[in-house]
Amino acid sequence: MNLSILKERFFELYGNPESNPRCFFAPGRVNLIGEHTDYNGGFVLPCALQYGTYLLIRPTGDAVVRLASTNMDFKTEIRLEDMGKKVGSQWVNYPLAIFDQFRQLNIPFSGFDMLFSGDIPNSAGLSSSASIEMVTAYALTVLLNAIELEMLDLVKLSQRAENEFIGLNCGIMDMFAVGMGKKDNAIFLNCKTLEYKRVPFVTNGFALIIANTNKQRGLADSKYNERVAECQLAVTYLSMNTPISKLGELSFMQFFKMQEIIPDELIRSRARHIISENQRVLNAVSALQKGDILQFGALMNASHQSLRDNYEVTGFELDTLVGEAWKINGVVGSRMTGAGFGGCTVSLVREDAVENFIEVVGREYQLKTGLKADFYLAEISDGVKEI
Ligand code: GLA
C-alpha cells in the first residue's frame with residue numbers, strides 16, 4: 001500500500017493539508033481449520049494475514065463523520081444525531097456499526113474524516129468486514145483515549161456490532177484473529193472460554209496459498225444464519241439426553257452414542273460436522289506441534305469433505321478449486337476457508353510445486369467453471385496496529 005498516495009487522496013477529499021491524519025491497519029484472516037465451530041463454542045485455528053484494511057482518520061471537532069473508501073464509489077457524511085441508523089446495504093455500515101457500539105457505551109465522540117483502503121478481496125471469506133470493524137474500533141479507542149477498552153473488549157464489541165447492526169449471527173473467530181494475530185503464529189482459540197494459545201506455524205519448505213473462487217456469494221448471510229439455527233435445533237434435541245448449551249460441549253464419542261435422538265438426518269449431519277471438526281482442530285494443533293505437516297494436510301482435506309457433505313456450505317466452485325488442488329503433486333492439504341458459499345480456499349503446497357499448482361489449478365478451474373481464480377501467497381502477520 002502506498003501511504004503517500006493514500007494521504008494525497010485523503011487531502012483531495014477533505015482538504016486542510018496542515019492537519020495530518022493518523023494511519024491504522026487491521027489485517028484480514030485466513031482460517032486454517034475449525035470452520036463454523038466458533039458460534040458452537042468450539043475450537044478454531046485462524047491466523048492474521050499481511051492483507052487487510054488501512055484507515056486514515058482525523059478528528060474534526062464538528063458534528064459529522066465523513067466516510068470514503070478507495071475501493072468503493074459510495075461515500076457519505078453522517079451527522080452524529082443520525083448515528084445508529086443503517087445506510088442501505090452499503091459498506092459504511094461496518095464502521096457505522098462500531099460507532100453505534102461506542103454510542104451505546106456512552107463514549108462521547110465528535111466528527112471524523114475517514115478514508116479506508118483495503119487490499120483484501122471483499123466477500124471472499126477473508127474477513128474484510130471484521131478488518132474494517134476492528135480498524136475502526138482500534139482507531140477510535142486510540143483517538144478518543146478510551147484506555148478502559150482492551151483488545152479483547154474491541155474484539156467482543158466488533159462481534160456485537162456485526163450481530164446487532166449488520167444482522168449476521170457470526171461467532172468471534174474473525175475479530176479475534178484480526179485483533180490478536182501475531183506474525184508466524186496461528187491462534188488456537190477455545191471460542192467458549194476465549195482461552196487461546198499462539199501456535200508457531202512453522203512449515204519449512206511449504207507455502208500457504210489462498211485461492212479466490214471469485215464466485216459472487218448471493219444470500220450468504222441468510223444461509224449462514226440458517227446454519228446457526230440448525231445447530232441450535234441440534235442442541236435442543238441432544239439436550240433431551242444430556243443438557244448442553246452448545247454443540248462444542250460434546251466429544252465425538254458422546255455424540256456418536258446419542259446422535260439417534262436427533263430425528264432429522266439433516267440436523268444430525270450438521271451436528272456431525274461441528275463435533276468432528278472440533279476434534280480435527282485438536283488433532284491439527286498436535287500435528288503442528290509435532291511438525292507433522294502431512295497429518296495437518298490430511299486434516300484440512302477431511303475438514304473440506306465434512307463441510308461439503310455434512311454442512312453443505314461449499315458448492316460447485318469451492319469443490320472444483322479444492323478438487324483440482326488435491327490432484328496436484330506437492331499439495332499436502334486443501335480446503336475452503338471462512339463461511340463458504342463461495343469465497344476462498346487455503347492450500348498447503350510444497351514450495352517447489354507452487355508455480356505448477358497456480359498454473360494447473362487456475363487453468364482447470366477456469367475450464368470447469370468459466371471463472372478465473374486469483375491466487376495469493378499468505379504471510380502470517382500481526383494484528384491491528386497504528387502505523
Ligand atoms: C464467518 C464468520 C465466523 C465463522 C466463519 C466460519 O467468517 O464470521 O464467525 O463462523 O464464517 O467458520
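**Notebook: a look around the predicted model**

At 45% relative accessibility, N241 counts as partly exposed, so that is where I started. N241 sits in the loop that links α6 (220–238) with α7 (252–258). I looked up its contacts, leaving out residues up to four places away in sequence, and found that N241 touches M258 and I261. I also checked N241 against Y138: they are 103 residues apart in sequence, and their C-alpha atoms are 44 Å apart in space.

**Stepping back**

Next I wanted the whole protein. I counted 11 helices and 13 strands in its secondary structure. How does the radius of gyration compare with that of a compact globule? For 387 residues such a globule would come out near 21 Å, and the protein has 21 Å, so the two agree. Along the principal axes, the C-alpha atoms fill a box of roughly 65 × 50 × 40 Å. I noted that 58% of the 387 residues count as buried. I looked at contacts too: among those between residues at least 6 apart in sequence, 71% join residues at least 24 apart.

**Helices α2 and α3**

Two packed helices are described by the angle between their axes and the distance between the axes. I took α2 (residues 93–104) and α3 (residues 128–143) as my opening pair; their axes come within 8 Å and cross at roughly 40 degrees. The crossing of α2 past α3 is right-handed. From α2, the residues in the contact are Y94, P95, I98, F99 and F102. They meet S129, I132, E133, T136, A137, L140 and T141 in α3. Sorting the residues of this contact by class, I got eight nonpolar, three polar and one charged.

**Helices α8 and α9**

My other pair was α8 (residues 265–290) and α9 (residues 293–309), with axes that come within 9 Å and cross at roughly 165 degrees. Are they roughly parallel or roughly antiparallel? Angles over 145 degrees count as roughly antiparallel, so that is the word for α8 and α9. Their crossing is left-handed. On the α8 side I listed H273, S276, E277, R280, N283, A284, A287 and L288. On the α9 side I listed Q295, F296, L299, A302, S303, S306 and L307. By class, this contact has seven nonpolar, six polar and two charged residues.

**An arginine in α8**

While on α8 I stopped at R270, which is found in that helix. Is R270 buried or exposed? Its relative accessible area is 3%, and the cut-off for buried is under 20%, so R270 is buried. Setting aside neighbours within four places in sequence, I found R270 in contact with R227, E230, N310, Y311 and E312.

**Helix α10**

Last stop was α10 (residues 316–326). Which of its residues are buried? I noted E317, L318, T320, L321, V322, E324 and A325. What do these buried residues pack against? I found the strands β9 (206–212), β10 (331–337) and β11 (344–350), along with the helices α9 and α11 (354–369).

Key. Residues are numbered from 1 along each chain as its sequence is written. This is a predicted model: local features need pLDDT of at least 70, side-chain atom pairs count only at pLDDT 80 or more; totals for chains, interfaces and linings use all residues. Side-chain values use heavy atoms; hydrogens and water are left out. Axes are lines fitted to C-alpha atoms, for helices over the stretch in contact, and angles run from 0 to 180 degrees between N-to-C directions. Helices (H or I, at least four residues) and strands (E, at least two) are DSSP runs, numbered from the N terminus. A crossing is left-handed if the near helix is turned anticlockwise from the far one by less than a right angle, and right-handed if clockwise. Contact means heavy atoms within 4.5 Å. Ala, Val, Leu, Ile, Met, Phe, Trp, Tyr, Cys and Pro count as nonpolar, Asp, Glu, Lys and Arg as charged, and the others, Gly among them, as polar. The radius of gyration is taken over C-alpha atoms; the globule rule is 2.2 Å times the number of residues to the power 0.38. Buried means under 20% relative accessible area, exposed over 50%, partly exposed in between (1.4 Å probe, protein chains only). Angles under 35 degrees count as roughly parallel, over 145 as roughly antiparallel, 65 to 115 as roughly perpendicular and the rest as oblique.
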